Amino acid sequence: MIRVSSLTKQYGDFTAVKDVTFTCRPGRVTGFLGPNGAGKTTTMRVMVGLTPATAGEVTIGGHHYRDIPNPGRHVGVLLDASAQHAGRTGREILALGAKQMGLPAGRVDEMLDLVSLSDTESSRRLRNYSLGMRQRLGIAHALLGDPSVLILDEPANGLDPAGIRWMRGLLKDYADRGGTVLLSSHLLNEVELVADEMILIGRGQIVASGTKQELLAGRSGGGTHVTALDVASLSSALESAGYTVSAAGDGLRVEADPVQVGQVAADKQIVLTDLRPAEGGLENLFLELTADTQRESITSEGVAV
Amino acid sequence: MTAVSADASPTIDLSGTEQVPFGRLVSVELRKMRDTRAGFWLLAVTGGLLVLALGITLLVVALDDEVTVSANAFSQIMTIPVSLLVPVLAITSITSEWSQRTGLVSFTLEPHRMRVVWAKFVTVLVLAVATIALAIVLGAIGTLLASAITGNDPVWNLEADVFAWTLFQQMAYFTMAFAFGLVFLSSPASIAIYYVVSLLLPFMVYGTLYAFFDWAQDLIPWIDFGFAVGPYVGQGPDPSVEPSTTTLMQVIVTFVIWIVLPFAVGLRRVARAELK
């Protein structure tokens with residue numbers, strides 16, 4: 001598990017990370033979410049000892065990263081998939097890692113299989129790789145030493161939708177076997193689907209953390225999206241029940257919980273074809289929480305769904 | 001999974017893991033020197049230069065009956081092609097960690113940066129020794145071939161102390177290249193400065209001044225390592241200069257200026273430098 005305690009990192013007058021505290025537990029995928037420049041990468045660099053902390057500390061499995069012998073065997077790290085020698089082949093990059101960690105050569109083929117890089121692809125040089133292929137190679141590199149902790153910075157960046165689905169499955173499976181995963185992203189939807197817990201960071205400070213449910217709990221007016229065979233009668237039924245209704249695409253957006261909407265529909269025997277919490281509940285929260293840390297100012301229209 | 005049990009113990013058990021042995025770091029670094037396209041071509045071109053130098057020397061010997069090239073001279077000729085390009089490998093061994101940003105990986109797999117740097121330094125020394133060994137072997141082959149072509153007896157005159165000094169000189173120049181790499185952490189800057197200091201200044205500037213001015217003959221051996229070490233490797237600009245306490249002091253002074261100081265400054269730089 002990863003424990004970050006009161007971590008602060010200053011560059012001169014600029015505070016990149018300010019008093020950050022959080023924990024990533026084994027068996028869970030923790031998403032580290034924030035806009036660009038919020039301090040995600042700095043925090044991760046401090047975790048693996050590339051950048052010294054100004055104050056506070058990070059322990060991984062109870063140890064400082066520096067004190068972990070042959071750390072590749074315990075902690076898998078991917079900070080930047082493009083930070084590999086452009087003139088080396090993908091296979092050679094993995095072979096070097098395997099050699100340094102003292103792993104059998106067969107491990108390289110296992111990992112190439114795992115991330116679906118073919119023999120032809122793995123014998124090409126990194127400069128000819130797409131970003132998606134670099135990410136796959138980077139994930140293979142992080143998993144080489146069969147670590148119990150994974151630290152991945154923007155691993156979904158550059159992956160196509162199928163690739164993101166594949167990675168989600170891989171990380172879920174990894175966490176289910178007891179592994180600890182921390183992955184960062186600046187895109188909510190990348191993290192939302194894979195992370196059990198989320199840590200939201202903006203301008204170097206944690207602004208919220210918890211599971212998706214915890215983050216949304218207590219937030220009033222999340223709203224519901226509903227579609228029915230007879231939208232018009234559902235709309236009037238809901239309005240007469242006292243809810244605010246507005247048209248949204250094929251269906252309606254109702255300022256009520258799904259259960260309340262469902263109840264009205266059941267009473268009136270209206271057939272629903274879709275009923276779910278309105279999209280963007282978490283996104284709104286994310287934008288709100290990090291609003292004063294965004295580069296662009298968010299207007300109320302900009303946030304509305 | 002190495003250490004996380006079903007009940008998800010929050011600590012990692014490190015008792016079964018050894019630090020990566022230093023020898024393994026060295027062999028990884030040796031592999032990194034030749035597994036890139038740049039490294040491959042550098043060594044390939046060096047191989048080509050060696051064949052060319054060997055061929056030209058043999059041609060001269062074959063065409064001119066008066067010329068006899070001794071094993072010592074042959075080896076010295078072979079030292080030139082292996083010294084021209086190979087120091088670039090010593091430089092990029094460290095600078096590519098920054099320019100290619102591989103340091104992000106190298107220094108997370110081995111967070112004790114100085115272990116990585118010392119492993120690289122060992123590979124640089126290995127490389128220096130290997131180039132001299134190659135030059136000697138090719139020198140011997142060339143001597144035998146020349147003797148077969150001309151029918152003259154081969155001259156086996158390689159002296160132990162000259163050999164030792166040549167080896168020292170080569171290691172010093174490779175270390176200088178590596179040290180500039182440490183200081184600048186940039187391939188173009190390090191390579192440019194290295195060739196200016198090791199090749200351009202001695203040949204274009206010092207050599208000319210030395211030939212024309214008395215003061216230059218006194219001064220230059222105190223500021224250029226190649227001139228200082230010249231009397232020991234039989235390549236001094238003035239063959240009349242015999243090794244003495246003064247020449248030994250010159251070797252020490254120039255060694256400190258061009259090798260020890262940059263190395264020390266560079267180590268400090270690497271220990272603190274951030275990898276972006």
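This is a predicted model: local features need pLDDT of at least 70, side-chain atom pairs count only at pLDDT 80 or more; totals for chains, interfaces and linings use all residues.
## Overall layout of chain A

Chain A contains 12 helices and 13 strands. Its C-alpha trace extends over about 70 × 50 × 35 Å along the principal axes. Of the 305 residues in chain A, 45% are buried. Among the contacts in chain A with a separation of 6 or more, 70% are between residues 24 or more positions apart.

The domain assignment divides chain A into domain 1, covering residues 2-216, and domain 2, covering residues 224-277. The centres of domain 1 and domain 2 of chain A, taken over C-alpha atoms, are separated by 42 Å.

## Strand β7 of chain A

Strand β7 of chain A comprises residues 180-185, and six of its six residues are buried. In a regular strand, side chains alternate between the two faces of the sheet. In β7(A), both faces are covered. One side carries A:Thr180, A:Leu182 and A:Ser184, while A:Val181, A:Leu183 and A:Ser185 lie on the other.

Strand β3 of chain A (residues 29-33) runs parallel to β7(A) and is joined to it by five bridges. Strand β6 of chain A (residues 149-152) also pairs with β7(A) in the parallel sense, over four bridges. A:Leu182 of β7(A) stands opposite A:Thr30, and A:Leu182 is likewise the bridge partner of A:Ile151.

## Helix α10 of chain A

Helix α10 of chain A spans residues 258-268, and its buried residues are A:Val261, A:Val264 and A:Ala265. These three lie on the same side of α10(A) because they cover an arc of only 95 degrees around the helix axis. An α-helix has 3.6 residues a turn, so residues three or four places apart point the same way.

The elements that cover the buried residues of α10(A) include β10 (224-228), α9 (231-240), β12 (251-254) and β13 (272-277) of chain A. On the face turned away from the buried side, α10(A) carries the exposed residues A:Val259, A:Ala266 and A:Asp267. The helix is followed by A:Gln269, which has a positive phi, near 55 degrees.

## Recorded spans in chain B

An unreviewed UniProt entry lists "transmembrane region" for residues 40-61, 73-96, 117-150, 162-185, 192-213 and 247-267 of chain B.

Residues 40-61 of chain B are 100% helix and 0% strand, with 32 Å between the end C-alpha atoms. Residues 247-267 of chain B are likewise 100% helix and 0% strand. The end C-alpha atoms of residues 247-267 of chain B are 29 Å apart.

## Contact between chains A and B

The contact between the chains involves 43 residues from chain A and 34 residues from chain B. On the side of chain B that touches chain A, the elements giving two or more residues are α1 (22-34), α2 (37-63) and α5 (103-109) of chain B. The most is given by α5(B), with five residues.

By residue class, the side of chain B that touches chain A consists of 17 nonpolar, nine polar and eight charged residues.

Notes:
Residues are numbered from 1 along each chain as its sequence is written. Chains are lettered from A and ligands numbered from 1 in the order in which they are written. Two residues are in contact if their C-beta atoms, placed from the backbone, lie within 7 Å. Ala, Val, Leu, Ile, Met, Phe, Trp, Tyr, Cys and Pro count as nonpolar, Asp, Glu, Lys and Arg as charged, and the others, Gly among them, as polar. Domain bounds come from an automatic or database domain assignment. UniProt positions are given in the numbering used here, feature names are shortened, and annotations may be inferred rather than shown by experiment. A residue is buried if 20 or more other C-beta atoms lie within 10 Å of its own, exposed if 12 or fewer, and partly exposed in between; C-beta atoms are placed from the backbone. The arc is that of the directions from the helix axis to the C-beta atoms. Two strands pair if DSSP finds at least two bridges between them.
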